[in-house]
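This report considers the model shown below. It begins with the contact between chains and then turns to selected local features.

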Amino acid sequence: MRTDEDIKSLHPLEVTVLRRYDASDVLSAAVLQGDLGLNVGQSNQALSWLAARDSLQEHNRRIITRYELTELGRDYAEHGTPEERVQDAAREHGPLPLPRIAELTGLPNKDVGSAFGKLSKLGVLGMDGEKQVSYAAADGASAAQADIDMVRALLRRAASAPQGLLEENELGDAERRLIGEISKKRGSSGAAFRVVESEIVEYTLTEQGMALRTAVEAAGLSGEEVGALTPAMLREGSWKGKNFRSYSIQVPPSRLLIGRRNPYCSYLDQVKDKLVSLGFEEFDGPLVETEFWNSDALFMPQFHSARDIHDVYYVADPTHAQEIREPFLSRVAATHENGWDTGSSGWDYSFDRDFTRRLILRSQGTVMSAKTLHQAKVPGKYFGILRCFRYDQVDATHLSDFYQTEGIVLGEDVNLRTLMGMLEMFAVELAGATDVKCVPGYFPFTEPSVEIHIKHPELGWFELGGAGIFRPEVTEPMGVSVPVLAWGLGIDRMALMHLGLNDLRELFSPNIENVRLRTGKQAG
Amino acid sequence: MPKIELQQDELFKYSGRSFGADELEEALTIAKAEIDDPVDEDGLIKIELNDTNRPDLWSTAGLGRALRLYHGTGGSATYGFFSRPDSPVAVGDRRIVVDAELAERRPYIAAFAISGPPIAEVLLDDLIQTQEKLCWNYGRKRKAIAMGVYREDKIQYPVRYRAVDPDSTTFVPLGLDNELSLRQIIEQHPKGREFGGIVAALDKFPFLSDDSGAVLSFPPVINSADVGAVQAGDTRLFIEMTGTDLKPLLLACSIVACDLADAGYTIHPVQVEYPYDTPFGRTIVSPLYFQKPVGVELAYAERLLGVALNEDEAVQRLGKMGVRAEAASGLITAYPPEYRNDFLHPVDVVEDLMIGYGMNSFPSEPPRDFTVGRLTEAEIFSREVKTLLVGMGYQEMIFNYLGSRRDFIDNMYPQEQRTAAAAACVRIANPMSENFEFVRPSIIPQLLGAESVSAHAVYPHYIFEVGKVALRDADDNYGSRTVTALGAVVADAEAGFNLVSSQAAALFFYLGLEYDPSVVEDPRFMAGRVAALLVKGERVGILGELHPQVLENWGVTVPCAVIELDLDHVRRVNGSD
């Protein structure tokens, strides 16, 4: 038995009942109402709760009959029954015709008629040849008078009883006969009483109940404990000296729908915050871009298969930007054609100045690195988490639009070693990597280029990203003469792991319930 | 990025050594190559090559050569058959005469012949794969480079490269046994349908035949079924390439020649005679070594690599990369190998130095420069807005930016307004599917999309997103603007104008902004239950109860009230005083 637990969950009503009764007592709703001043609902609740705890056992069960005063009955109790009123009218004002009696008593003709019929049968009233009714104190008159008086007494008793109820077992034989004549089992119209039959269940305390009783006494619970602390109690100070009921703290709480960040967005914010903490300044730009910034400024030749990697979405209207900013256009065009002043041989072809204005949806975040160069500080560090678009069939590992995390570092002294140092910093700070390895890589816009592979504590070895030193053909047309480290990180794989997902499409789920239930792993 | 499939044993033969699986993975990093599929029971291995500027690595021989040189497990890679622009080697009667009419059509051709032992099946397969990769990835799907291989026994030099009438010229193409005109070939033959587009617009098509009139091929489409049908067991082959850009063409020719030389064949150069000028004159003997040496200041390499370099060691390390070099007075002069032309800038030699030294030669160090990190103003403001929305009980959502016409236009607007609504959107000219044809002009449609699939989620739904939308703007250089927007939807039996109106009031209050609601007509909303939101007289957003027709279009059966704000505009007008 877990009585200690149980008593915490006892309602004050239960406590009150337990404290009042002993193993020898027989409990019922009526008993509780009588002894403890509870109302019907309270007494029934207390009994059913205690029974549900196996603290009470059924002792006896029986049907009792009661008579409940109807609205009509209340009227009779106040003004008298029709018989009483007709008899009084005839005795005091008779002889009278029936319609006149109806007038005097205010009763409907029908009721006057049936009352007269009943009383004339008993010989209390008589009618002459002129249909005048008069009081005839015949032999039966006194007996009839006694009945009338008894009915009247019953009506008045009922009228002053709680809920207008009379218990059948509290009535004498004559009373039972008379009340039966003016009662109906169903409905209340036309009868002074309604017959109510109800089941009385009696209980006695079980061993469990007695144990609870002992525990309640030991705990000093009185049943007077207060449920809610109310503002009134605080205003009035009436909380003082009151005991407050302990709650059942194990009951499952109800669900609360709260306002909440999306865990994927929070994850992206964490990455942004981390990069900011490492000294990176955020950049951002439009979703619609030109071939110029998306690829040409990155020294990707207009004809080259390197552009196959970035199969792009073309904007339908307008198809071309109005202009590309100078001097960047001319410098980039010259760099493609012959290397311009960069020391490069260039790609040795005729740069298409119309194609370069072609509008597309940004296909790589590096576009913003390129656009930032001409206004970048030295030393300077920049990053962006940018939505990019790819001409891909959407599936678990490909999306038509997705985020890329990219950035640049400008500095007189940055080089391959600081590039790798930075990548290792990312690996540890962003991915919690336990091991890092750089291998030669290829990107059209960096030379040298490396890929960074990391050993993630949960995912094992995978490619975290790529990086390199921007080619002079990329930086010099933008007026930048210091080395520029360029890097890109694939964070979606870590985001999926963080969110316990394995399908990229889920990152952008429209399913509200899924999003509500989704939690990211907490740091630490 | 090309992927090649090769016999691992053949690779090891060219490498001069074998590698364990992990060793190979590691060894391939010097070629920026990765194992795509490990070796199978037939000895085939699939390898992905990441460097699109190194087509010399896209073959068994080429990849094996890189490993051999790096590990010093075989002879050096020197090839005696190359001509220089100013010193051609002797060719005997191996000549190609080019017709003047090709100048404006497909002007260049390069070729050589080989002789040696009967060609094995595996080498033939490899040659075909090299042809495919070179012509597809490097030769832009045969547009820039197309390659043909023929039985030299059947050729009478000189070979003639001409432009011919596509309708009257006929031959039997490979794979068929009847003659077709060139026009019929591009219309009917599978290869014709695939590659015919390259020449279809020309009045005359490129055509290759020998001195006797025997047809070699119809470049860049298809070989003849006779001279152009090469088989295992052949001992003499003629290999030519045609194209539009001379240098890539010559490079591809050199790559294939070096591969076949490594395979044990003798290379016989061919002289091409043009009636017009080319970057290397009117007579070119191929394979041609045309690459120029690249000078790299040692100090420049040191600056980029972050370590001090020794001249002699640098030269030796470049040698591991197949790059002959000399060093004197702090200047390294690097001579690109015949099969490479990826040294556009000294920086490209620096990368070969990096790989030649190995990554372990460059201990990492953290960047030392101090810089101040910061978020964009738009991001900071967005976060403020998100915090307030979350405080109002909203769940943040995040959606893809691409969607369908149905989502963004048809479901939101009545028929007569759809054309105008679509015209305000950024549309994709080449969508992958109609599901991703438009960039979203508003966040509301996707929030309703979420509602349409979330009727099972306990109500009320308070959902929002702060993200980008794109709007057409004729005044903008790009014809559109990208805007940071807030979209919020309440879906609930109790959702209504008053609720979102109170929320907007709270939002503006805590953002420290005054705003005025103003009467507006918008068919997406119920008339009289929608307000434009003005800050300093400029419209920055809208709120109200969505029209039941819109909800019905989306299959949403719960009333929805929404707020949408252009956060960039809010920031702009707020900062304007």
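## Contact between the chains

How many residues does the contact take from chain B and from chain A? The contact takes 83 residues from chain B and 83 residues from chain A, two residues being in contact if their C-beta atoms, placed from the backbone, lie within 7 Å. On the side of chain B that touches chain A, helix α10 (residues 346–357) gives the most, with 7 residues. Helices (H or I, at least four residues) and strands (E, at least two) are DSSP runs, numbered from the N terminus.

By class, this side of chain B has 43 nonpolar, 24 polar and 16 charged residues. Ala, Val, Leu, Ile, Met, Phe, Trp, Tyr, Cys and Pro count as nonpolar, Asp, Glu, Lys and Arg as charged, and the others, Gly among them, as polar.

## Basis of the model

This is a predicted model, in which local features need pLDDT of at least 70 and side-chain atom pairs count only at pLDDT 80 or more, while totals for chains, interfaces and linings use all residues. Residues are numbered from 1 along each chain as its sequence is written, and chains are lettered from A and ligands numbered from 1 in the order in which they are written.

A:V409 lies in strand β11 (residues 401–410) of chain A. The residue is buried, with 27 other C-beta atoms within 10 Å; buried denotes 20 or more such atoms, exposed 12 or fewer, and partly exposed in between, with C-beta atoms placed from the backbone. Beyond its neighbours within four places in sequence, the contacts of A:V409 include A:K381, A:M422 and B:P367.
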